[in-house]
Amino acid sequence: MIERPRIPVVVFPGSNDDRDAALALERLGADAPLVWHTDDTLPAGTAAVVLPGGFSYGDYLRCGAIARFSPIMREVAAFADGGGLVLGICNGFQILTEAGLLPGALRPNASLSFVCRDVPLVVESSATPFTARCEAGQPLTIPVKHGDGCWFADEELLAALEHNGQVVLRYGAGANPNGSIGDIAGVTNTDRNVFGLMPHPEHAVDPLLGSTDGALLLGSLVDAARLSTAALV
Amino acid sequence: MRATVLVRPKPGILDPQGQAVESSLRHLGFEVADARVGRLVDVELATDDRDEATAQLERMCEQLLTNPLIESYEIAFGGGA
């Protein structure tokens, strides 16, 4: 059994939650090295990759639009295509949608205001490597902090995602902080190995911060990474 | 040659910036039914061939300048500052 599965956290210029993500993953039992955006390989033994929150490349043009062209993103895309686990948090979610690794797009919040607060969430599916420690229908409280979190998909795409069970996380009733379609807070790709969400699980892993619900999501990822590493050895 | 790319939020896409602008214009007393906010990119291209420039600009729009899911674009020549 692998003691500490390796889950690198990518650092883009303007990332600011990279260290929190790495700290949370380390506390949950992973080895979480920081990987620079100009690197063109992932560390040996990588079992999962996390794209952290922040404001990569100053959010110029569109959030995530420039970061997707970083050298490391070619590797991340290849890793994801091969079934590797990839988690995008906030800006990381934006980068994954811009890169075409996740469906939909993230637009400015309907309120035009930056939102920074704890939000109630509901787990729609526990049948993913990112939510296995949760139960379907389980309420979570995890903070958001973003200006561009209004997830959008047209009706056809939204219907397909709902039908395929790719909607993993929704904001609680009446608590949508950004106007996203269908109150959607997080989605996966069709193979369920890539997941993006606007809330910040890495900021909800210690009782001192008000909630430990984020540890359910990141802990699920660590579990899955450990299994995938064990399968390779 | 110089070209201008106009990027617009597609019809039906929520445009909170446009709504804020529309509301402010009304406050100023203008009778405005709608306002949408997009983006303008002036590009100086190495080529002077208009067809080649158009082809390049279309690729730029597809790869970087727009997100086709939510934005449309229009290419114009000869304008700009």
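Helices here are DSSP runs of H or I, at least four residues long, numbered from the N terminus. The model is predicted.

**Helix α2 of chain A**

Just after α2(A), A:G83 adopts a positive phi of about 95°. The helix itself spans residues 71-81 of chain A, and its buried residues are A:I72, A:M73, A:V76 and A:A80. Viewed down the axis of α2(A), these buried residues fall within an arc of 100°, so they line one face of the helix. On the other side of α2(A), A:P71, A:A78 and A:D81 are exposed. The cover over the buried residues of α2(A) includes the strands of chain A tabulated here.

| Strand of chain A | Residues |
|---|---|
| β1 | residues 9-11 |
| β2 | residues 34-36 |
| β3 | residues 48-51 |
| β4 | residues 85-89 |
| β11 | residues 194-197 |

**The sheet of chain B**

In chain B, 3 strands make an open sheet, ordered β2-β1-β3, with antiparallel pairing. β2 (39-44) and β3 (71-77) of chain B are at the edges; each has a single partner strand, so one side of each lacks a neighbour in the sheet. From one strand to the next, the twist averages 20°. β1 (residues 2-9) of chain B pairs with β2(B) over 6 bridges, in the antiparallel sense. B:V7 stands opposite B:R39 in β2(B). Helix α2 (residues 50-65) of chain B packs on the sheet and touches β1, β2 and β3 of chain B. The direction of this helix makes about 35° with that of β1(B).

**The contact between chains**

Chain B gives 9 residues to the contact, and chain A gives 11 residues. On the chain B side, helix α1 (residues 16-27) of chain B supplies the largest share, 3 residues. That side divides into 7 nonpolar residues, 2 polar and no charged.

Key
Residues are numbered from 1 along each chain as its sequence is written. Chains are lettered from A and ligands numbered from 1 in the order in which they are written. This is a predicted model: local features need pLDDT of at least 70, side-chain atom pairs count only at pLDDT 80 or more; totals for chains, interfaces and linings use all residues. Two residues are in contact if their C-beta atoms, placed from the backbone, lie within 7 Å. Helices (H or I, at least four residues) and strands (E, at least two) are DSSP runs, numbered from the N terminus. Ala, Val, Leu, Ile, Met, Phe, Trp, Tyr, Cys and Pro count as nonpolar, Asp, Glu, Lys and Arg as charged, and the others, Gly among them, as polar. Two strands pair if DSSP finds at least two bridges between them. Axes are lines fitted to C-alpha atoms, for helices over the stretch in contact, and angles run from 0 to 180 degrees between N-to-C directions. A residue is buried if 20 or more other C-beta atoms lie within 10 Å of its own, exposed if 12 or fewer, and partly exposed in between; C-beta atoms are placed from the backbone. The arc is that of the directions from the helix axis to the C-beta atoms.
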